[in-house]
Amino acid sequence: MLRITDDITLQDWELTESFVRSSGPGGQKVNKVSTAVELRFEAARSPSLPDPVKSRLKRLAGRRWTKDGAIIIQCEETRSQARNREIARARLAELITRALVKPKRRIATKPTYGSVKRRLAAKKARSDVKALRGKVSED
């Protein structure tokens, strides 16, 4: 069981861990020990997450979200299998925590009269500078 917040906990059946051989450092044991962790979370079928959180989670997960609605997180940072498990679970918890935050709606505002005047004055000044760069006539 993985606790995200006080009211959201992920059950064991939602999480699947598989261990594979890791690329990178390892010395003589590099081809013997499966230390890399592949954590799979069944996000679409999860009863502990509301639908708006699932849609935000899908957008945040990006290509880690599979077609069948699972999130796959891979970790092979350390040589320790236990430490890689902790890191993968922490990444999943952080991803879900970010998805829990509802984004603020943007309120459209009108630019102030002064800002419009300043912008147009700057454009006019820039236009005048560029106009002076042209060829000089003999008139």
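Helices (H or I, at least four residues) and strands (E, at least two) are DSSP runs, numbered from the N terminus. By that definition, the protein has three helices and five strands, arranged along the sequence in the pattern β-β-β-β-α-β-α-α. The model is predicted: local features need pLDDT of at least 70, side-chain atom pairs count only at pLDDT 80 or more, and totals for chains, interfaces and linings use all residues. Residues are numbered from 1 along each chain as its sequence is written, and side-chain values use heavy atoms, with hydrogens and water left out.

**Overall dimensions and surface**

- The C-alpha trace spans about 85 × 45 × 25 Å along the principal axes of the protein.
- The protein exposes about 10,600 Å², of which carbon and sulfur atoms supply 52%; accessible areas come from the Shrake-Rupley method with a 1.4 Å probe, and for residues only the protein chains shown count as cover.
- Of the 139 residues, 27% are buried, where buried means under 20% relative accessible area, exposed over 50%, and partly exposed in between (1.4 Å probe, protein chains only).
- Among contacts (heavy atoms within 4.5 Å) with a separation of 6 or more, 59% join residues 24 or more positions apart.

- Three strands form an open sheet in the order 3-4-5, with antiparallel pairing; two strands pair if DSSP finds at least two bridges between them.
- Strand 3 (15-20) and strand 5 (71-75) are the edge strands, and each has a single partner strand, so one side of each lacks a neighbour in the sheet.
- From one strand to the next, the twist averages 20°; axes are lines fitted to C-alpha atoms, for helices over the stretch in contact, and angles run from 0 to 180 degrees between N-to-C directions.
- Strand 3 and strand 4 run antiparallel and are joined by six bridges; leucine 15 has phenylalanine 41 in strand 4 as its bridge partner.
- Strand 4 (residues 36-41) and strand 5 also run antiparallel, joined by five bridges.
- Phenylalanine 41 faces isoleucine 71 in strand 5, while glutamate 38 stands opposite glutamine 74 in strand 5.
- Helix 2 (residues 81-100) packs on the sheet and touches strand 3, strand 4 and strand 5, with its direction at about 35° to that of strand 4.

**Helix 1**

- Val53, Lys54, Arg56, Leu57 and Ala61 are buried in helix 1 (residues 51-61).
- These residues lie on the same side of helix 1, because they cover an arc of only 165° around the axis, the arc being that of the directions from the helix axis to the C-beta atoms.
- Strand 4, strand 5 and helix 2 are among the elements that cover the buried residues of helix 1.
- Asp51 and Arg59 are exposed on the other side of helix 1.
- Serine 55 also belongs to helix 1 and counts as partly exposed, at 45% relative accessibility.
- The C-alpha atom of serine 55 is separated by 8.5 Å from that of alanine 99, although the two residues are 44 residues apart along the chain.
- Glycine 62, which follows helix 1, has a positive phi, near 65°.

**Buried loop residues**

- Glutamate 42 lies in the loop between strand 4 and helix 1, and is buried with a relative accessible area of 10%.
- Not counting residues up to four places away in sequence, glutamate 42 touches Glu14, Gly69 and Ala70.
- Isoleucine 8 is located in the loop between strand 1 (2-3) and strand 2 (9-10); its relative accessibility of 6% counts as buried.
- Apart from neighbours within four places in sequence, isoleucine 8 is in contact with Leu2, Arg3, Ser48, Leu49 and Leu100.
- Isoleucine 8 and arginine 106 are 98 residues apart in sequence, and their C-alpha atoms are 28 Å apart in space.
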